[in-house]
Every structure is written in C-alpha cells, then in structure tokens.
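Open the structure in your viewer and keep the selection tool at hand. The stops below say what to select next and what is there.

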Amino acid sequence: MSTNFKAAQTFDGQVDGTGMRVAVVCGRFNDLITTRLLDGALAGLAIHGVKEADVAVSWVPGAFEIPLAAKTFAQTGRYDAVIALGAVIRGDTAHFEYVAGPCAVGIQEAQLETGVPIVFGVLTTENLDQALERSEPEGDNKGEESARTAIEMVDLLRRVRTG
C-alpha cells in the first residue's frame, strides 16, 4: 500500500457528500479493472452520502477519451465534481506513453479551465497484477479513494469560494 493512500485514510476531516452531484466518466478499455474501479467509486459516494440519483455514469472507449468527456460534464454546471476512471497498463509498445500522460494532462487542464474538480482515478500500472491490486473490491480500491477525493475537493472549494 502506498503511503499516499495511508495519508488519505488518516484524513481527520468530515467527508460528507450530502447534496453533491457527481459525474463519473469511465473508460471501457481494460474493463476488468475499470468496472471494479467504478464499483468502488459508486460505493464510496454512497457511503459518504451522495444519492444514487445525483450520480451520472458515462462510459467512453478508453483513457484517451476521458478528458474530453470529463470536461464536457464539468462545463454543464450540473455537477460539483467529475471522477475520471480508467486503466492504462504498460505493454510491449509505446502505446502506454501516448495514452497515460496525455490523459493526465487533459484531466488537469480540464479542471483548471472549468474550476470543477476532476479527480484522476486512472490507473497507470506496469502490469495487470498491479491494476488488480489497486482495484481490489475489498481493499485498496482507487475508485473509492477517488470518490472521497472528489467530495473533499468540492467541500474545500465551496469553503474557499464563500469565504
């Protein structure tokens, strides 16, 4: 388990998503992994008070398409946060470099341009075992962690913006 995850686990603030509206954009490529991430994110949102009716889930072909869909959801003004979920697993070709980095940059640019938190829940792993470990249903699920991050960021930005 990474120390970053441990730090997220020891966050002592209240994580309450009551009344928040969240969009989840999920890549179909590597759906064995992304389905588990989505399940974790939906469970995390529910645990922290986000109603199922306030969650929109949309699938895109893969991680490369996530930034555009996430930005489009953020631009609507209907969502307090967007969670981007995907899985890019290194292989024998340069494909990993052409997808993982641009996906991260696109998500970062989209959230900075829109002012809406877009959480980077895209796994970038060396192999399938690492992806399975990070999407474990009853353990270190980065989808669930992404849900907590989204709620925490919405709360923080609301407090900053209202003074």
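## Tour of the model

Begin by selecting Ala110, which is placed in helix α4 (residues 95–114); helices (H or I, at least four residues) and strands (E, at least two) are DSSP runs, numbered from the N terminus. This is a predicted model, in which local features need pLDDT of at least 70 and side-chain atom pairs count only at pLDDT 80 or more, while totals for chains, interfaces and linings use all residues. Residues are numbered from 1 along each chain as its sequence is written, and side-chain values use heavy atoms, with hydrogens and water left out.

Ala110 counts as buried because its relative accessibility is 2%; buried means under 20% relative accessible area, exposed over 50%, and partly exposed in between (1.4 Å probe, protein chains only). Leaving aside residues up to four places away in sequence, Ala110 touches Pro67, Lys71 and Ile118, where contact means heavy atoms within 4.5 Å.

Next, select Phe73 and Tyr79. The structure holds one aromatic pair. Phe73 and Tyr79 form this pair, edge-to-face, with 5.5 Å centre to centre and 75° between the planes. Rings of Phe, Tyr and Trp (its six-membered ring) pair if their centres lie within 6.5 Å; planes under 30 degrees apart count as stacked, over 60 as edge-to-face and the rest as tilted. Phe73 is buried at 17% relative accessibility, and Tyr79 is buried at 15%.

Move on to Asp80, in the loop between α3 (66–75) and β3 (81–89). Is Asp80 buried or exposed? Asp80 counts as buried, because its relative accessibility is 16%. Its side chain and that of Arg158 are joined by a polar contact of 3.2 Å. A polar contact is a pair of N or O atoms within 3.5 Å; within protein, one must be able to donate a hydrogen and the other to accept it, and residues adjacent in sequence count only if both atoms are side-chain atoms. Beyond residues up to four places away in sequence, Asp80 touches several others, including Gly19, Met20 and Val116.

Charged pairs come next. Side chains of opposite charge can pair when their charged atoms come close. The structure holds 10 salt bridges, a salt bridge being a side-chain nitrogen of Lys or Arg within 4 Å of a carboxyl oxygen of Asp or Glu.

- Select Arg90 and Glu126, whose side chains meet in a salt bridge (2.9 Å, N to O). This pair links distant parts of the chain, 36 residues apart: Arg90 is in the loop between β3 and α4, and Glu126 in the loop between β4 (118–125) and α5 (128–134). Arg90 is partly exposed at 30%, as is Glu126 at 42%.
- Select Glu145 and Lys142, which form a salt bridge of 3.0 Å, N to O. Both lie in helix α6 (residues 142–162), three residues apart, about one turn of the helix. Glu145 is buried at 17% and Lys142 is buried at 16%.
- Select Arg159 and Asp155, which form a salt bridge of 3.1 Å, N to O. Salt bridges that share partners also join Arg21, Asp80 and Arg158 into one network.
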